[in-house]
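Me: I would like a close look at one residue in this model and then at the packing elsewhere in the chain. Please keep it plain and give the cut-offs.

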Amino acid sequence: MSVNLKLLHTFAQVAQLRSFTRAAEELGRTPSAISMQIAELEDQIGLKLLERTTRSVTPTPDGALLLERVQNSIRSLEDGISEARDAAERRMGRVVFGCAPTVAAGTLAPVLTQFRARFPKVALQVREVTSNDLLNAVRQREIDFGITPFVQAKSDLVFKRLLREPLVALASRDHFEDLPETLSLDFLSRLPLLVMQGMPVIVRKDGRETPAMLTEYLERSGRSLNIACSVRQATTLVDLARSGLGVGLVPKLAVPAQMPEHVRVLSLSEPEVVRDIGIATLKDEVLSKPALALAGMFKSQLSGATAI
């Protein structure tokens with residue numbers, strides 16, 4: 001049964017005040033309008049709710065039972081509104097977000113500097129975690145949003161792409177001489193490779209795009225690859241590539257701005273491997289004003305990065 005909430009609120013006022021006139025004054029309506037609303041409610045639910053005399057208005061037994069339930073519902077609703085407002089106020093004064101380590105290295109400092117200048121009184125908490133842990137934190141509402149590589153379409157999450165960037169190869173000139181500027185997967189199969197664990201990528205080949213984890217894609221490529229080492233952090237991989245332990249495969253964004261002269265940054269092709277960076281939030285989640293502003297700053301910062 002669908003009952004108009006306004007009618008229930010009017011009934012509660014009349015039943016508590018025991019007067020149509022006083023209820024009308026409280027609600028800013030005429031007594032006749034209040035009387036019509038009570039009649040409409042009684043007609044909707046098929047019960048007589050109020051006993052009327054020239055001197056008083058009293059709830060019937062059915063009306064008294066309904067009044068108790070309506071009062072409880074109103075209190076519960078008011079408590080919910082108060083809690084929602086308190087939560088909104090807390091969010092306005094604090095932003096908690098997650099950022100994948102491969103994105104954080106070259107992005108966090110300028111974004112947070114800009115945010116601090118605009119919102120000096122808003123507390124910031126940053127969680128630097130891998131993509132899977134970050135998405136779980138979004139689901140558990142432990143963070144407001146996450147800046148992360150695209151993993152897979154999830155029914156409970158929304159992903160808005162901010163940047164598509166290529167993966168590149170890092171190779172030491174001292175250990176890997178005469179490598180071409182662009183490396184194919186066939187060519188990579190001849191080299192010791194350094195890869196990152198659990199890194200989501202998109203493989204572009206023959207006009208198709210296939211989401212996959214980098215290590216899983218390499219393993220099922222049908223080629224005999226030499227994975228010399230797999231690591232979790234891009235900084236570790238860069239150090240290993242710099243020392244010549246292998247050719248490292250990293251996102252372009254994770255390449256340090258100042259690389260030693262003996263380390264070359266090479267392109268990948270056949271197939272082309274890229275990753276999408278974006279903002280992950282819960283579906284239908286409403287972000288606070290500071291959180292929205294911070295997300296916009298990430299968008300501006302990443303838009304200025306090398307994209308394809």
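In which helix is Leu240 found, and what does Leu240 touch beyond its neighbours in sequence?

Reply: Leu240 is found in helix H9; helices (H or I, at least four residues) and strands (E, at least two) are DSSP runs, numbered from the N terminus. This is a predicted model, in which local features need pLDDT of at least 70 and side-chain atom pairs count only at pLDDT 80 or more, while totals for chains, interfaces and linings use all residues. Residues are numbered from 1 along each chain as its sequence is written, and side-chain values use heavy atoms, with hydrogens and water left out.

With a relative accessibility of 18%, Leu240 counts as buried (buried is under 20% relative accessible area, exposed over 50%, partly exposed in between, with a 1.4 Å probe and protein chains only). Setting aside residues up to four places away in sequence, Leu240 touches Leu194, Cys229, Val231, Leu245 and Gly246, where contact means heavy atoms within 4.5 Å. Ser172 is 68 residues from Leu240 in sequence, and their C-alpha atoms are 9.8 Å apart in space.

A nonpolar core is a set of buried Ala, Val, Leu, Ile, Met, Phe, Trp, Tyr and Cys residues joined through side-chain atoms within 4.5 Å. The largest one has 39 residues, and those touching the most other members are Leu179, Leu188, Leu191, Leu214, Leu218, Val247 and Leu249. In soluble globular proteins, nonpolar side chains tend to be buried together.

The peptide bond from Glu270 to Pro271 is cis, with omega near 0 degrees. E14 is also the place of Thr281, which is buried at a relative accessible area of 13%. Neighbours within four places aside, Thr281 contacts Val138, Asp144, Phe145, Asp156, Leu157, Val158 and Leu287.

Two loop residues have backbone angles to note. Arg141, in the loop between helix H6 (131-139) and strand E5 (145-149), has a positive phi of about 60 degrees although it is not a glycine. Arg141 is exposed, with a relative accessible area of 57%. Arg18, in the loop between helix H1 (5-17) and helix H2 (20-27), has a phi near 55 degrees and is partly exposed at 43%. Most residues other than glycine have a negative phi, and most peptide bonds are trans.

H2 and helix H3 (residues 31-45) have axes that come within 8 Å and cross at roughly 105 degrees. Axes are lines fitted to C-alpha atoms, for helices over the stretch in contact, and angles run from 0 to 180 degrees between N-to-C directions. H2 is therefore roughly perpendicular to H3 (under 35 degrees is roughly parallel, over 145 roughly antiparallel, 65 to 115 roughly perpendicular, the rest oblique). Phe20, Thr21, Ala24 and Leu27 of H2 meet Pro31, Ile34, Ser35 and Ile38 of H3. This contact of H2 with H3 has 6 nonpolar, 2 polar and no charged residues; Ala, Val, Leu, Ile, Met, Phe, Trp, Tyr, Cys and Pro count as nonpolar, Asp, Glu, Lys and Arg as charged, and the others, Gly among them, as polar.

H3 also packs with H1: their axes come within 9 Å and cross at roughly 115 degrees. The crossing of H1 and H3 is left-handed, meaning that the near helix is turned anticlockwise from the far one by less than a right angle; clockwise would be right-handed. Leu7, Leu8, Thr10, Phe11 and Val14 of H1 face Ile34, Gln37, Ile38, Glu40, Leu41 and Gln44 of H3 in this contact, which divides into 7 nonpolar, 3 polar and 1 charged.
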